[in-house]
Every structure is written in C-alpha cells, then in structure tokens.
Amino acid sequence: MFEYDYETEDKELKLVGLELMFLTPEKHSNPKGITAVELSKKVNLSVEIVKKKLKILYDHDIIRCNGINPKYWKFDEYNFQRLDEEDEIYQLLCSFDDVDFDRYFIY
C-alpha cells in the first residue's frame, strides 16, 4: 500500500477528495465519472498533482476508476462510510472547518 505522511494536512488531497465527494452527475460530461484533466481544471491544480492525489484516494478504496484511456473517476460513498473513523484520509475529508460549501452547492 502507498505510504503517505499525514503529519501535515494535505490541502490538495482534501480539495481533490471533496471535489469528487460532492460531484454530481450534472457536473461532469460523462456518466462514468470525471477525468483527471477535467478534475484538474475544476480544482485549479496541475494534472500530475491531481493524478498523485487520485492514486492516494484509490489506494484507500475511496474512489473507483472506470475505463483505461481516459480513466473516469467516481467517489465511492459506500467504501468511504466503511472507513475507520481514525483513518487519516477519513479525518481529512471530514474536517470541514475551512471548507467553502458554496463551491459545491448552488443555493
């Protein structure tokens, strides 16, 4: 499994994870999910960084991948809810203190 330093909060990982968590079918062009390129444009990060963060989330079984080229990514709510509450990724994605929810919802 991928080793990751959780001592400092990874804002980029959180941004990618929350974007996928709150991604609705209306917000992406393909029903299979969103590509790394589309996701990088949404979160304003380079494609390389987004791919690294997707790998971390994928290794934790929080997201699923469909297709080969391109790969389509989707959040896996079921596996996320099954994570231990002490898991560092779970805690990171559930820490909403600095999250601007206007980014994800239209009121």
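Visitor: Let's start with Asp10: at 10% relative accessibility, does Asp10 count as buried or exposed?

Guide: Asp10 counts as buried, since its relative accessibility is 10%. Here's the scale: buried means under 20% relative accessible area, exposed means over 50%, and partly exposed is in between (1.4 Å probe, protein chains only). Keep in mind that this is a predicted model, where local features need pLDDT of at least 70, side-chain atom pairs count only at pLDDT 80 or more, and totals for chains, interfaces and linings use all residues. Residues are numbered from 1 along each chain as its sequence is written, and side-chain values use heavy atoms, with hydrogens and water left out.

Visitor: What is the average pLDDT of the protein chain?

Guide: pLDDT is the predictor's confidence in each residue, from 0 to 100. The protein chain averages 85, and 87% of the residues score at least 70. Among the elements, helix α3 (residues 47–59) has the highest confidence at 95, while helix α5 (residues 88–93) has the lowest, with a mean of 90. Helices (H or I, at least four residues) and strands (E, at least two) are DSSP runs, numbered from the N terminus.

Visitor: Back to Asp10. Which residue does Asp10 form a salt bridge with?

Guide: Side chains of opposite charge can pair when their charged atoms come close. A salt bridge is a side-chain nitrogen of Lys or Arg within 4 Å of a carboxyl oxygen of Asp or Glu. Asp10 pairs up with Lys53, and their closest N and O atoms are 2.8 Å apart. Asp10 lies in the segment before α1 (11–21) and Lys53 in helix α3, so this pair ties together parts that are 43 residues apart in sequence. Lys53 is also buried, at 10% relative accessibility.

Visitor: And how far apart are the closest N and O atoms of Glu12 and Lys53?

Guide: In that salt bridge they are 3.9 Å apart. Glu12 lies in helix α1 and Lys53 in helix α3, so the pair ties together parts that are 41 residues apart in sequence. Glu12 is partly exposed, with 30% relative accessibility. Put together, Asp10, Glu12 and Lys53 are linked in a network of salt bridges.

Visitor: How many salt bridges does the structure hold?

Guide: The structure holds 4. Another one of them joins Arg64 and Asp76, with closest N and O atoms 4.0 Å apart. It links distant parts of the chain, 12 residues apart: Arg64 sits in strand β1 (residues 63–66), and Asp76 in the loop between β2 and α4 (77–82). Arg64 is partly exposed at 43%, whereas Asp76 is buried at 12%.

Visitor: At what angle do the axes of α1 and α3 cross?

Guide: Two packed helices are described by the angle between their axes and the distance between the axes. Here the axes come within 9 Å and cross at roughly 70 degrees. On the α1 side, the contact (heavy atoms within 4.5 Å) is made by residues including Glu12, Val16 and Leu20, and on the α3 side by residues including Val50, Lys53 and Leu57. By class, that contact has 8 nonpolar, 1 polar and 2 charged residues.

Visitor: One last stop: where is Phe75 found?

Guide: Phe75 is in strand β2 (residues 72–75), and counts as buried at 12% relative accessibility. Leaving aside neighbours within four places in sequence, Phe75 touches Gly17, Leu20 and Arg64, among others.

Notes: Axes fitted to C-alpha atoms, helices over the stretch in contact; angles between N-to-C directions. Nonpolar A, V, L, I, M, F, W, Y, C, P; charged D, E, K, R; others polar.
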